[in-house]
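Me: I would like to go through some of the labels attached to this model and ask what each one rests on.

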Amino acid sequence: MNSADIRQTFLDFFSSKAHKIVPSASMVVRNDPTLMFTNAGMNQFKDIFLGNRTAEFPRVADTQKCLRVSGKHNDLEEVGHDTYHHTMFEMLGNWSFGDYFKREAISWGWELLTEVLKIDKDRLYVTVFKGDESEGLEPDREAFELWKAFLPEDRILSGSKKDNFWEMGDTGPCGPCSEIHADIRDSADRSRIPGKDLVNKGDPHVIEIWNLVFIQYNRQVNGQLIELPARHVDTGMGFERLCMVLQGKKSNYDTDVFQPVISEIGRIAGIPYGKDPGCDIAMRVVADHLRAITFAIADGQLPSNVRAGYVIRRILRRAVRYGYAFLNLKEPFIHVLVPILSDQMGRFFPELINQKDLIINVIREEETAFLRTLSLGIQRFYDYIEMQNAKCKMQNASTADNAVLENKNDTPKHTSNLKPVIDGRFAFELFDTYGFPIDLTQLMAREAGWEVDMDGFSKGLEEQKARSRKDATIDTSDWIVLQEEEGLPEFVGYDHLETETSITRYRKVTTKGEEFFQIILAQTPFYAESGGQVGDRGWLISGEEQLEILGTVRENDLIIHISRQIPLDPGYPVQARVDGVKRRDTANNHTATHLMHAALREVLGKHVEQKGSLVDEEHLRFDFTHFAKLTHEEIRQVERIVNERIRQNIPILEMRTVPIAEAKAMGAMALFGEKYGDLVRVISFDPGFSVELCGGTHVPSTGQIGSFKIVSEGAIAAGIRRIEAITASRVETYWNEREDLLNEIGELLKNRVDPVKSLKNLLDEHATLKREVTELGKLKIRQLIEEYSAKVTQVNGLSFLAEEVSLDSNTAKNLAHELTRVISDLFLVFACEVDGKAMLTVMLSESLVKDRNMNAGAIIRELAREIQGGGGGQPHIATAGGKFPAGIPAALAKAKNFAEK
């Protein structure tokens, strides 16, 4: 059975059991500050488990695209080294929201696996929760008895809280779980060791394929478990593992889920999969990471240097590194694999087909950029080796027995057999700055006859992880419930900026040492950050108290108001008041974004699609598909169209509950990566011009915007452009500032009527003077060459010059270059004092570097000690600075010692 049939069989089975088959949620999480990516099938149903919303369907099933790069068994640096862990994976799942419970979940699970999918019953084991005295939890006898109807007792194993008690996090819904494990070993292996002895023991061929979670408790911050009013079922089955079992493979990567991509990687590299263990790991890494990158971009997350974008960039770069280091793929190649994945999975995930061109272009550009960075890192590695070798030689030359090197921080370490060791801090720098995996550094080190200080590397890595954990730590207390809520809080902010309401619950949150309160209101006029629009700010007024609302966010479907305090009497009615000025200015920018989107499509073409946005009271930012820089005329056209629509004072046409199919039939455009329900809100300013699905706040008519101006346009990724623009009074300020600037220029040029003409004349004069200065500089250099050539002496068979000069650092450097050009075998040292600081320049003729293995970088580090400074550079030229000019004579004398060796 191929993977597509397996997926469909699962969905068809649960459809026959009255489950609603729902589409996968986006892999990129947008309205949950606790998550960047969907990491489990239950994420999209989290609010139901938390009691924040009621389930539309009591029974649901789906296949969910997930991404994990950290946590138990999910360290990114380990993916590809085993046969069954992945970054991106599919989770097949079925859920019951207060409907069926253990009996149905267990019997249907067994029916699907053994009767429908025909897995050998004798190869299956199950685990049940054995209880936990410290928690006061009894063993799950109900699950044990239910499993006895299908399995002998010796294949029903008791599991600890670690393996068989599932928890959403430190707090929240939780409950016992029952895992189903499959033994896919050969008969001979099974006869030697019973499968039950290998369950949850890390054996790659006795693996968990399905986890049935029975959610019946809620974990409080103090650790207490409270029974939930309704019990739920949450199951998750690893699609890739299931395919491995059904297709008779010993590795997920040997199934048809991965083999089409792996075969193409092997073809491109000219290395068949299965011939070399190191190459096999690299192919698995690339095949796995391709899926993660492709699905993330398809769901709206472009690679970047922040948060979720950084994770995707890190995954992509790891794939490039493995291709570069182990498959000898020095040119971009990962983007070539996208069509194979799109053809393979596009039927179930049409976004792969719809966004294929964008995905290819983004990955290609990222690969190209990173390969440049990688080459810089490789050069940095070899510069380090060369510098350290030069230090060794110099130190050996000055050591009496010429055998043992001192182990100092600035010299290479050696093991007992005198094999040099790369400092772990440098190895971590390569990893952190240039994206080198440590195994690539080790490989290059071995080739150079070196070892890597792994303890030092691990220390740097752990310190980085500790910093990340500290930065990410958020201490959240339990909700203090003041009123029982019926459904979700009501948002009235489309119609009102102020309303009488009450606090239904609140909790304290501590992050980075600061304390805040998160507040839920029965009804609220505050718009919560979503869809690119920032959240409202304002005030809660309780009697004489006025509390500032610092921001409003959405956590799943909850609107959360953030404040530094709560009222003295939280149960007292409050007045919720939005900052009307900020809301107005934000609405101006949001509506202008819609008008600009429509104008861009009119000017550039219908290929323009929104790929991201940010709207606040200061400005708007808009990311869109287009493959060329906008010309000045195109920008002018867009501005003209938007400003015309503003002057027409077009009233808003708002439709709040439109069926999604009807909205699409109207031509409504959707926000890239946003998830929409069955009923949507449609915003239009002239149905023939701008119609979009949008939950944000807008102006009542376009005239309120006043004016619109694009202030910047540029590329942020392959085929993705970014425009930043302003509206209303900020446009006025923009032109006032430029008028002031133009007037100031006119005053300086003594020509306010035509400052451009005066500026051209000034530039012509400047160019003439610059040419004259250049000629004078050349003349001065020729004179200095004659002067300092006369001071060159012969020392130990080389030309030596060490002088303190009264020159600026650039002139000294240029003179050094000219002297090495005209004097053979030159070892030159210049020193000068600039603003109370000492500056050194060392330059060597290429012949000294090549024939005598001299290294300017290594030499200058020794000389810099005399001026209490440091420096570095290349083998033929290096510079240093220090705070002790009085040490210049000693540095010059020390240089002569190097020449005499």
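**Strands and helices**

Reply: In this predicted model, Thr 625 stands opposite Ile 720 in strand E30.

Me: How do you know that E25 and E30 pair, and in which sense?

Reply: Two strands pair if DSSP finds at least two bridges between them, and E25 and E30 (residues 720-727) are joined over six bridges, in the antiparallel sense.

Me: What makes E24 and E25 a hairpin, and which residue of E25 does Gly 612 face?

Reply: Strand E24 (residues 610-615) runs antiparallel to E25 and is joined to it by five bridges, and the hairpin that the two form has four residues between them. Within this pairing, Gly 612 stands opposite Asp 623 in E25.

Me: Why is strand E25 called largely enclosed?

Reply: Buried means under 20% relative accessible area; five of the six residues of E25 (residues 620-625) are buried, so the strand is largely enclosed by the rest of the structure.

Me: Why are helices H9 and H10 called roughly antiparallel?

Reply: The axes of H9 (residues 277-298) and H10 (residues 307-326) cross at roughly 155 degrees and come within 9 Å. Angles over 145 degrees count as roughly antiparallel, and H9 and H10 are therefore roughly antiparallel to each other. The crossing in which H9 passes H10 is left-handed.

Me: Which residues make the contact between H9 and H10, and what is its make-up by class?

Reply: Residues of H9 including Val 285, His 289 and Ile 293 meet a set in H10 that includes Leu 316, Arg 318 and Tyr 322. By class, the contact of H9 with H10 has 14 nonpolar, three polar and one charged residues.

How values were computed: Residues are numbered from 1 along each chain as its sequence is written. This is a predicted model: local features need pLDDT of at least 70, side-chain atom pairs count only at pLDDT 80 or more; totals for chains, interfaces and linings use all residues. Side-chain values use heavy atoms; hydrogens and water are left out. Axes are lines fitted to C-alpha atoms, for helices over the stretch in contact, and angles run from 0 to 180 degrees between N-to-C directions. Angles under 35 degrees count as roughly parallel, over 145 as roughly antiparallel, 65 to 115 as roughly perpendicular and the rest as oblique. A crossing is left-handed if the near helix is turned anticlockwise from the far one by less than a right angle, and right-handed if clockwise. Contact means heavy atoms within 4.5 Å. Ala, Val, Leu, Ile, Met, Phe, Trp, Tyr, Cys and Pro count as nonpolar, Asp, Glu, Lys and Arg as charged, and the others, Gly among them, as polar. Buried means under 20% relative accessible area, exposed over 50%, partly exposed in between (1.4 Å probe, protein chains only).
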